[in-house]
Amino acid sequence: MNVLYFAWMRERIGRASDEVNPTGLNTARDLVEHLKTQGQEYEMAFEKMTSVRVAIDQEMSTLDSSIAGAQEVAFFPPVTGG
Amino acid sequence: MGGATSNSFSVSVQTKDFDIAAETKVLTASNTQIGAVASFIGLVRGSRETVRSLELEHYPGMTERSLEAILFEAKERWPLDGARIVHRVGALAPGDQIVLVLTASRNREASLEATAFIMDYLKTRAPFWKKEDGPEGSTWVDARESDDAAADRWDP
């Protein structure tokens, strides 16, 4: 499963994407908890979860959404376009 | 053709500038049933002292999909003959055009309301992020709660 990061989350983590083995991960929140064990930079990026949005296969989702079978999960701050 | 063909509804995410006159011409060509075109142009706000430049990041793929979904939803809610969103990405300077929304309909109510709706949804649902470069260095722009409230007013 490809995991993408955007804006300040990408900067804090120091990379734009990771390849993650989804075995044992059911929801986007499970994925966050898994990533937080991968280093301090991830803990920093996911420090304030109210500022984290998630898209599963390019559809806006919630942290409790299932990631079963997902190809791509993206984490990013609230959007500021327009 | 009657009008609402699929290519009357289109989005573009691009680095280059846009021309509202040229875009309007394309939108209304070959459909004389259109009686109203409403538009919105967003500009990069800021003075040379505070915001020197702006970098717009987006999520390629999802950006286009989400803008298309917003147009589809607008089309479901109002009798539109066509609509167009152009959103720029990359480096921009104060005063630059950043976003264009055009909607076409038989009568003005539909196009005026749909334009406001599209902008409100774009602000809260399309994956773009602004980073401002000013005298203190560069900072990511915070999302505004007022934008959420503006989008919520369209909830059924």
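Predicted model: local features only at pLDDT ≥ 70, side-chain atom pairs only at ≥ 80, totals over all residues.
Start by selecting chain A and colouring it by secondary structure: going along the sequence, you will pass elements in the order β-α-β-α-α-β-β-β.

Along the principal axes, they occupy a box of roughly 30 × 30 × 20 Å. How does the radius of gyration of chain A agree with that of a compact globule? For 82 residues, such a globule would come to near 12 Å, and chain A has 12 Å, so the two agree.

Now look inside chain A. Of its 82 residues, 35% are buried. Then think about which parts of the chain meet. Among contacts in chain A with a separation of 6 or more, 55% join residues 24 or more positions apart.

Time to bring in the neighbour: display chain B together with chain A, and select the residues where they touch. Chain B gives 21 residues to this contact and chain A gives 14 residues. Which elements of chain B each supply at least two residues of the side that touches chain A? Select helix 2 (62-77), helix 3 (108-125) and strand 7 (128-134) of chain B to see them.

You will find 12 nonpolar, 4 polar and 5 charged residues on the side that touches chain A.

Terms used: Residues numbered from 1 in each chain as written. Chains lettered and ligands numbered in written order. Contact = placed C-beta atoms within 7 Å. Helix = DSSP H or I, 4+ residues; strand = E, 2+ residues; numbered from the N terminus. Nonpolar A, V, L, I, M, F, W, Y, C, P; charged D, E, K, R; others polar. Rg over C-alpha atoms; globule rule 2.2 N^0.38 Å. Buried ≥ 20, exposed ≤ 12 C-beta atoms within 10 Å, placed from the backbone.
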